[in-house]
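Visitor: I would like to learn how to read the side-chain features of a model, one feature at a time. Could you show me the structure and take me through it?

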Amino acid sequence: MTIAPEDAVVVDFPLRGEGWLAVTTPAARVPSHGTDLLGQRYAYDFVRVDARPGRHEHPASGWRVAMAGAPTREFHAWGAPIHAPFDGVVVSASDGMTERERVGSALREAARAARNAAAFTPARIPGIMGNHVLLRAEHLRTPAGGDVFGGMAHLAPGSVAVRPGDRVRAGDVLGRVGHTGNSTSPHLHIQLMDSTDLMSARGIPLAFRGYEVARGGAWTPVDAGIPALGERLRSASTAG
């Protein structure tokens, strides 16, 4: 089961520049993360890659990084600004969680994520999300007329630029991509949901405007799209 753009709430693409890759997306499966827990049913994970074919998140060879890992801050995604995907109010903002200075081997990171999932309890939610920002949308509503909330997780320590109660406009910088919480490499996790109570929140389908897709050697504009697994993206505004 997947979703169609016409069934989704459309928001602005939250990243800038080129080389973004959806490595978890509801275009591939629903629930995208394998669970409805924590409002993740339609969540995305975006990493950043370079121009080499395949998934190269770090300047070193993919084999070397997969086998030995690499310093966190050398990954292409690390430190990239995260922009508000809609006008809204900050419900919560959490900073100060440290991040591991090194991303481990692919096997070690996968095992760590599996252990975190197996040991999950509600008390562990902050440690799963890492540094994060939750927004309430001003102009978006669920199909039932309720509030829409957006969550962005795993932000870099010291980068969160907003506080609860702040009003933001689409495009404002909220923080920067990091590797905090239950993260296997620097990336942005983004989702929409109908509540900030993550134990009861239901995920809301979301699509993005303001990005382009690499197809046939050219960039194709997308007005309201659901990025496919492994699709190379850039923001319509390529700065950043």
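Predicted model: local features only at pLDDT ≥ 70, side-chain atom pairs only at ≥ 80, totals over all residues.

Visitor: How many aromatic pairs does the structure hold, and how is a pair described?

Guide: A pair of aromatic rings is described by the distance of the centres and the angle of the planes. The structure holds six aromatic pairs. One of them is formed by Y44 and F46, whose rings are stacked, with 5.6 Å from centre to centre and 5° between the planes. Y44 and F46 are each buried.

Visitor: What is the geometry of the pair of F46 and F208?

Guide: Here the ring centres are 5.8 Å apart and the planes stand at 70°, which is over the 60 degrees needed, so the pair counts as edge-to-face. F46 belongs to strand β3 whereas F208 belongs to strand β14 (residues 206-209), so this pair ties together parts that are 162 residues apart in sequence. F46 and F208 are both buried.

Visitor: Strand β3 also contains R48. Is R48 buried or exposed, and which side chain of opposite charge is nearest?

Guide: R48, which lies in strand β3 (residues 44-48), is buried yet has no salt bridge, the nearest side chain of opposite charge being E18 at 7.6 Å. For such a residue one can look next at the backbone. A polar atom of the R48 side chain lies 2.9 Å from the backbone oxygen of E18, and the backbone oxygen of R16 lies 3.5 Å from a polar atom of that R48 side chain.

Visitor: How many salt bridges does the structure hold, and which residue pairs with D12?

Guide: The structure holds 12 salt bridges. In one of them D12 pairs with R209, and their closest N and O atoms are 2.8 Å apart. This pair links distant parts of the chain, since D12 is in strand β1 (residues 9-12) and R209 in strand β14, 197 residues apart. With a relative accessibility of 23%, D12 lies between the limits of 20% and 50% and therefore counts as partly exposed. R209 is likewise partly exposed, with a relative accessible area of 35%.

Visitor: Which residues are linked in a network of salt bridges?

Guide: D87, E138, R167 and R169 are linked in such a network.

Visitor: How should I place these details within the whole protein?

Guide: One can turn to the totals for the chain. The protein has three helices and 17 strands, and buried residues make up 51% of its 240 residues. Among contacts between residues at least 6 apart in sequence, 70% join residues at least 24 apart. The protein exposes about 10,700 Å², of which carbon and sulfur atoms supply 53%.

Notes:
Residues numbered from 1 in each chain as written. Heavy atoms only, no water. Helix = DSSP H or I, 4+ residues; strand = E, 2+ residues; numbered from the N terminus. Buried < 20%, exposed > 50% of the residue type's maximum accessible area, 1.4 Å probe, protein only. Lys, Arg positive; Asp, Glu negative; His and termini not counted. Salt bridge = Lys/Arg side-chain N within 4 Å of Asp/Glu carboxyl O. Polar contact = N/O pair within 3.5 Å; in protein donor to acceptor, adjacent residues only side chain to side chain. Phe/Tyr/Trp six-rings, centres within 6.5 Å; stacked < 30°, edge-to-face > 60°. Contact = heavy atoms within 4.5 Å. Areas by Shrake-Rupley, 256 points an atom, 1.4 Å probe, with all protein chains shown as cover.
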